[in-house]
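Let's take a look at a protein chain together. Have the sequence and the picture ready, and follow along.

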Amino acid sequence: MSERNTTTTHSMSPSRLLAVLAVLLSHTVAAGFSWAAGDYHTVSVADPYLEMHTGPGRGYPKFHVVDRGEVVEIIKRRTDWFLVRDAGGAEGWVDRAQMELTVSDGRNIEFADAGQQDFTDARWEGGVLAGDFGGANIISVYTGYSLNPNVAVEVWGSQILGNFSNGWMGSVNVVHETWPEWRISPFFTLGAGAIHTEPKSTIVQGEDRTDQVAHAGAGVRIYATRRFMLRAEYKSYVVFTSRDDNEEVEEWKVGFAFFF
Amino acid sequence: MESRFRVLFLAMLPVVLGLSGCAATKNLFGMGEEEQALPPAEAPSPEQVIDPQVERRDIREPKIDTENFEIGAFAGVMSIEDFGSDLVYGARLSYHITEGLFVEGTVGQSEAGLTSFEELSGGAPILSEEDREFTYYNLGLGYNLFPGEVFLGEGRAFNTSLYLVGGLGSTRFAGDDRFTVNVGAGYRFLVTDSIALHLDFRDHMFDTDLLGTEKTVHNVEAHLGMTVFF
């Protein structure tokens, strides 16, 4: 195209020259834009073909096929699906298994996919559990940091909702996982914290109070899928009250968590 | 009573300490070495496009925009049992784990009206203005039960999904926090690949003895929302 432009320029009138310049300029600007917008990673198809679905899910119909050797841009990722655009401008969703059969700079691509190994090795985790705390309902959130695959430190915050009183509890735990590489991995835990109790308004003599607690417990972490796990645990608490007797409370909880 | 806890505590210590030691012995038995032992690759056959000798993991996740989170706001109508219906509004945050499964947290607020009794008798109100505020939070799981597409005219298709949600949380109403179970269903309509409209129905259930006898109340909410994937 540029060759034809240069060979024909000398016979052009000024107005036509201006028009050609404008076209060339607009092409350059457009190219600049598409480069800026096309800051996406490009890969070429190594599989016989790449199938594009209309949506990010197994059930969405395949509407377009990109042949081997063609280049596609990866626009975004949602769970295990990638939105890609081919040279002709067709956009569609491709699953991870097919995307891994593309090449970039002559090398295969591997997309991050959390698996059971990450379940063992991940540093951070956090989750939500609910259950029974001495007859009351409890909802807890926690975040944990692994010092090594076996030992982790966790911070917990809980809301306790009972018939006679409500409350909050915060605690710090040390967790020991004996077989972190198992899909169903048991753990033991020790910890301490504080509990704040507010008796319900219908109870006349109640008084707000804050006490220290210590606990020991055990449970299991069960790897489910990707970054997702299930967790169930039992803890036995002792509440150091200002009265003569310390209170003992048993807690059962189940919930889900993520690791990062 | 206390001794039970103490025994448990003391019994745990040697177990925990002993097992920490086990981690160190793991390598002695070669348990941690499953990753190696890939056989040396053969010479590539002529038709093979990919050279099998290429080491994988060379490109570990090129920088790709991942959009697994969904955040947004909603507004609608909530029927608070015995206290009439009123505006409800709130916010939601979801994380999509797989194409089907997501976790979701919502917070919302509404205001209770008058009970029929208060309306008819014209007497003293049961609750103060402050206690009529109804706020909730909820943490739960959702599942895209029926993903699909809708078509507008001949040339436009939008991705949609009918999903179920269920979760646990707490409701503050009438000066008290109550453990709340939440179930519902919703419809997600993706206007673009990143912006979605929602129509949701939720039932917030909790036990209360506010009007005399203890009962489970159903507080049904219908709302419209908008979310953005990021």
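Predicted model: local features only at pLDDT ≥ 70, side-chain atom pairs only at ≥ 80, totals over all residues.

Chain A has four helices and 16 strands. Of its 260 residues, 32% are buried. Now think about contacts between residues at least 6 apart in sequence: 46% of these join residues at least 24 apart.

Start with β10(A) and β11(A), which pair in the antiparallel sense. They form a hairpin, with four residues between them. If you want a spot to check, find G144(A): its bridge partner in β11(A) is E154(A).

Next, β11(A) also runs antiparallel to β12(A). That's a hairpin too, this time with three residues between the strands. Here you can look for L161(A), which stands opposite N166(A) in β12(A). The table puts the two pairings side by side.

| Strand pair | Residues | Bridges |
|---|---|---|
| β10(A) and β11(A) | 136-146 and 151-161 | ten bridges |
| β11(A) and β12(A) | 151-161 and 165-177 | eleven bridges |

**The nonpolar cores**

In soluble globular proteins, nonpolar side chains tend to be buried together. So what does that look like here? The largest nonpolar core has 19 residues. Those with the most contacts inside it are A130(A), I138(A), I160(A), V213(A), Y237(A) and V239(A). Which elements give two or more residues to this core? They are β9, β10, β11 and β15 of chain A. The largest share, four residues, comes from β9(A).

Zoom in on I138(A) for a moment. Skipping residues up to four places away in sequence, I138(A) touches A130(A), G131(A), D132(A) and F133(A), along with S158(A), I160(A), E251(A) and K253(A). Apart from this core lies another one, of 16 residues, and among them are Y60(A), V72(A), M99(A) and I109(A).

**One residue in a loop**

Finally, find A90(A), which sits in the loop between β5 and β6 of chain A. Is A90(A) buried, exposed or partly exposed? It has 14 C-beta neighbours inside 10 Å, so A90(A) counts as partly exposed.

Which residues does A90(A) contact, leaving aside neighbours within four places in sequence? They are M52(A), H64(A) and R85(A).

Technical notes: Residues numbered from 1 in each chain as written. Chains lettered and ligands numbered in written order. Buried ≥ 20, exposed ≤ 12 C-beta atoms within 10 Å, placed from the backbone. Contact = placed C-beta atoms within 7 Å. Pairing = 2+ DSSP bridges. Core = buried A, V, L, I, M, F, W, Y, C linked by C-beta atoms within 7 Å.
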